[in-house]
Amino acid sequence: MSLFQQSRQIIVGLLLVLTLSFTTACTPSVSAQKPMNTPVAIGGSQGNYAQLEQGNTAAGQDFGQWVTKTAKGLVQDAYVRDNNKLGVVITPQVRPTEVKDLAKSLAQGFHKNFPNQDVTVLVYAPDKKLILTAKYDQQSNQIEYKS
């Protein structure tokens, strides 16, 4: 074997080792880790969940995700139960004077998505304490608030 062929094999080998070293070092490692702060289901009667479900039906899951995405920083989490109960955790950016208006807007939108039934909106503070309940009455088209 000539000196040129040996040099070429050595160089190709070194390049291969370097390429594998850099791609392995630069690729983010993915490993399962236990979450540091496991969320708990709000208002759930079935105990703790590993993760907060945003709905116990497909339509409820979709609506809960939609509320969280479109709330523009006002709602940090949302869940729907039985297509007639919406729970939202507001962000610290929501002023106390805005909570009732937000609950009203959520109740009206929730009723439009789940018509022909009474719906309830539960508004939780960022510390997950219930601060307001808004009940939309289908028959009267009125919302009753309870702090």
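## Helix H2: length

Helix H2 covers residues 58-70 in this predicted model. Its 13 residues, at 1.5 Å a residue, should span 18 Å.

Lys-72 follows H2. The phi of Lys-72 is positive, near 55°.

Four residues of H2 are buried: Gly-60, Phe-63, Gly-64 and Val-67. They sit on the same side of H2, because they cover an arc of only 100° around the axis. An α-helix has 3.6 residues a turn, so residues three or four places apart point the same way.

The other side of H2 carries exposed residues, Ala-58 and Lys-69.

## The largest nonpolar core

The largest nonpolar core holds 24 residues. Leu-86, Val-88 and Val-123 touch the most other members. Elements giving two or more residues to this core are H2, S1, S2, H3, strand S3 (119-124) and strand S4 (130-137). H3 gives the most, with 6 residues. In soluble globular proteins, nonpolar side chains tend to be buried together.

## Contacts of Val-123

Which residues is Val-123 in contact with, leaving aside its neighbours within four places in sequence? The list includes Val-88, Ile-90, Val-99 and Ala-103. Lys-129, Leu-130, Ile-131 and Leu-132 are also in contact with Val-123. Of these partners, Val-88 is, like Val-123, one of the core residues that touch the most other members.

Conventions
Residues are numbered from 1 along each chain as its sequence is written. This is a predicted model: local features need pLDDT of at least 70, side-chain atom pairs count only at pLDDT 80 or more; totals for chains, interfaces and linings use all residues. Side-chain values use heavy atoms; hydrogens and water are left out. The expected span of a helix is 1.5 Å times one less than its number of residues. Buried means under 20% relative accessible area, exposed over 50%, partly exposed in between (1.4 Å probe, protein chains only). The arc is that of the directions from the helix axis to the C-beta atoms. A nonpolar core is a set of buried Ala, Val, Leu, Ile, Met, Phe, Trp, Tyr and Cys residues joined through side-chain atoms within 4.5 Å. Contact means heavy atoms within 4.5 Å.
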